[in-house]
Amino acid sequence: MKTKEQILEMEICECGAKNVAQAIEIFGDTALPYKKAKKLVTECNKSCCRVALMKVYDMNLFGHFDYDEIAYLIEQRLERLKHLSEGME
Amino acid sequence: MYNYEWDRLRTWLGQYGAIDENITKPEEITRIDLSGNSLKTLPSNFALLSHLSILDIRRNSFEVLPEVLGSLALRFLNASGNKLSDVSILSKCQQIRVLDLSANALKEIQFSFLPELRSINLSSNFLKDIGAFLPSLANAVRVNLNNNLIENIPTSIGSLTALEEIEMIDNRLKTIDEAFFKLKVTNVNLSSNRLVSLHLHTLESLEVLTLDENPFKSVTFSKNFAPLLKEFSCDSCSLEEFLLPPSASLEVLCYSSNSIVEVPKEISCYTQLQELDIDANKITDLPDTLANIATLQTLYAKGNPLNPHAKKVIAILDPEICDLNMKSGITIETAKEEDLKEMAELLGVLFAIESDFTIDFEKQYAGLKQLLSYEGSNLLVAKHENHVVGMLTMQRLISSAEGSFIGQLEDLVVKEEYRKMGVGSRLINKMRALAQEYGYKRIQLAADINNENALQFYTRRGLKRTHLSIYHYLIP
């Protein structure tokens with residue numbers, strides 16, 4: 001089980017090289033809709049980190065952060081990428 | 001009569017905190033939450049739960065859905081976040097209506113037709129060929145197939161006659177069978193795929209179509225395509241041409257991050273258009289006809305080399321929200337002593353709207369000064385170029401209803417020229433985050449019932465209107 005501080009340091013987007021804390025700060029500093037706001041984090045048009053990032057955006061919108069949920073979604077994506085690189089497909 | 005198997009099951013459920021101590025008979029159990037354990041299977045005496053209709057086993061370690069599920073009358077099953085590769089037992093769950101199998105290791109679906117199934121989530125699996133199992137979902141209304149390895153939408157999609165919403169984001173779609181266009185779907189999202197060419201037609205019930213992040217070389221429409229279409233999005237699709245879907249009901253049109261050079265004058269045919277997103281393109285000019293769309297409230301046009309004429313068109317259009325008008329560099333900060341004067345002046349703007357209060361700078365300044373030094377309070381300001389342009393305060397109260405601390409929000413106000421830029425939302429979001437950090441059980445506020453804008457603003461941000469009214473008595 002990770003601590004809140006450890007989760008805030010987890011990388012949520014490789015393209016924009018941002019961790020959870022940075023994503024929260026960026027979303028907190030904008031009122032743009034998700035499609036626009038996410039580009040401030042990812043600095044790209046891709047959607048590889050969509051599931052976790054959208055969750056963080058929604059949590060910011062509703063003012064309640066479930067850090068375990070964020071960590072779970074990031075880890076789940078990494079696990080999936082690992083499976084794919086191991087030839088799961 | 002003593003039921004040994006029931007006693008064992010009770011003990012087993014008890015160790016996961018999944019049973020209420022008041023339950024005396026297995027028939028009393030209708031829902032069970034076993035999420036977040038390391039379960040690999042369920043005990044066979046689970047079959048005693050003849051009235052169980054809602055089962056949550058997400059985030060466990062199941063590789064195969066247990067046999068015993070086939071003997072239950074389940075209507076809702078959440079098995080997300082396991083390691084499932086075999087869900088064949090679901091063929092026996094003929095009453096199931098809602099099924100979440102997302103984030104598993106499914107490479108194929110083995111269950112047969114489920115007549116009651118209405119909603120299924122199969123996202124984040126490893127599904128490649130969906131042709132064989134789609135008929136099993138024939139009565140499904142919502143289908144989520146995001147984040148799989150699907151390369152084509154097969155002919156069998158036509159068997160989903162009840163389908164209303166389908167998402168297939170993050171797949172490898174290259175082709176779509178003609179049967180798809182005959183569906184009665186209302187919402188379709190095919191973003192982040194590999195679609196290169198698409199001829200859109202029919203889809204007579206379609207209201208929302210999202211095709212973002214596809215490497216299109218050609219997108220064309222038939223005149224009969226989606227007459228009820230309200231939202232069409234084609235962001236980041238390498239488009240060089242502004243597409244004009246034939247629907248006259250369009251409300252939202254998104255072509256952000258493409259290579260569009262020109263917005264055609266025919267855009268004025270969308271008389272109900274509310275939002276237009278053309279940011280990050282190569283547009284230099286805008287047609288005069290754009291200014292005629294009286295319904296257009298939101299325009300994103302940043303990241304284009306707009307000429308003076310285009311800017312004039314936007315000025316005439318004067319949309320409520322426009323990214324070109326948004327000021328950057330607005331920060332949300334904790335208020336300091338030196339901000340208090342500007343804050344007190346800002347309160348005057350608020351009290352001018354609220355008939356219950358009178359404007360008195362000295363009183364407001366004194367109140368804010370007291371608040372700043374009060375331990376259980378938070379004062380946030382929105383600042384631009386070192387000036388206060390918005391503010392919000394929160395005071396800690398003790399609620400006997402919640403049995404804990406709650407936060408009372410007050411004094412939310414944003415300077416006129418900084419409205420419609422999301423400053424109020426940012427202040428509320430930041431304050432809510434602080435309330436969560438302090439462990440407050442609730443935040444609440446009072447709003448003037450005549451301030452319609454404020455009431456709508458709070459409702460849109462998830463605050464619920466209560467049945468309480470505020471009374472006050474001024475102490476002489």
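Just after helix H3 of chain A, Glu43(A) takes a positive phi of about 55 degrees; helices here are DSSP runs of H or I with at least four residues, strands are runs of E with at least two, and both are numbered from the N terminus. This is a predicted model, in which local features need pLDDT of at least 70 and side-chain atom pairs count only at pLDDT 80 or more, while totals for chains, interfaces and linings use all residues. Residues are numbered from 1 along each chain as its sequence is written, chains are lettered from A and ligands numbered from 1 in the order in which they are written, and side-chain values use heavy atoms, with hydrogens and water left out.

In H3(A), the buried residues are Tyr34(A), Lys36(A), Ala37(A), Lys38(A), Val41(A) and Thr42(A), where buried means under 20% relative accessible area, exposed over 50% and partly exposed in between, with a 1.4 Å probe and protein chains only. These buried residues pack against strand S1 (11-13), strand S2 (18-19), helix H2 (20-28) and H4 of chain A, together with S16 and strand S17 (298-300) of chain B.

Between the two chains, 27 residues of chain A are in contact with 36 residues of chain B, contact being heavy atoms within 4.5 Å. Chain A and chain B bury about 2700 Å² between them, 44% of it on carbon and sulfur atoms; this area is the accessible area (1.4 Å probe) that two parts lose on being put together, summed over both. The count of salt bridges between the chains is 6, each a side-chain nitrogen of Lys or Arg within 4 Å of a carboxyl oxygen of Asp or Glu. Lys36(A) forms a salt bridge with Asp277(B), with the closest N and O atoms 2.6 Å apart. Helix H3 (34-42), helix H4 (50-62) and helix H5 (67-85) of chain A are the elements that give two or more residues to the side of chain A that touches chain B, and the largest share, 6 residues, comes from H5(A).

**Chain B and its five-stranded sheet**

Chain B has 6 helices and 23 strands, and 51% of its 476 residues count as buried. An open sheet of 5 strands in chain B has the order S19-S20-S21-S22-S23, with mixed pairing; two strands pair if DSSP finds at least two bridges between them. Strand S19 (331-334) and strand S23 (443-445) of chain B stand at the edges, each with a single partner strand, so one side of each is left without a neighbour in the sheet.

Strands S20 and S21 of chain B run antiparallel and are joined by 8 bridges, with Val381(B) standing opposite Met391(B) in S21(B).

**Two residues of chain B**

Thr393(B) lies in strand S21 of chain B, and the side chains of Thr393(B) and Asp411(B) are joined by a polar contact of 3.1 Å, that is, a pair of N or O atoms within 3.5 Å, of which, within protein, one must be able to donate a hydrogen and the other to accept it, residues adjacent in sequence counting only if both atoms are side-chain atoms. Cys269(B), by comparison, is placed in the loop between strand S15 (252-254) and strand S16 (275-277) of chain B.

| Residue | Relative accessible area | State |
|---|---|---|
| Thr393(B) | 0% | buried |
| Cys269(B) | 45% | partly exposed |
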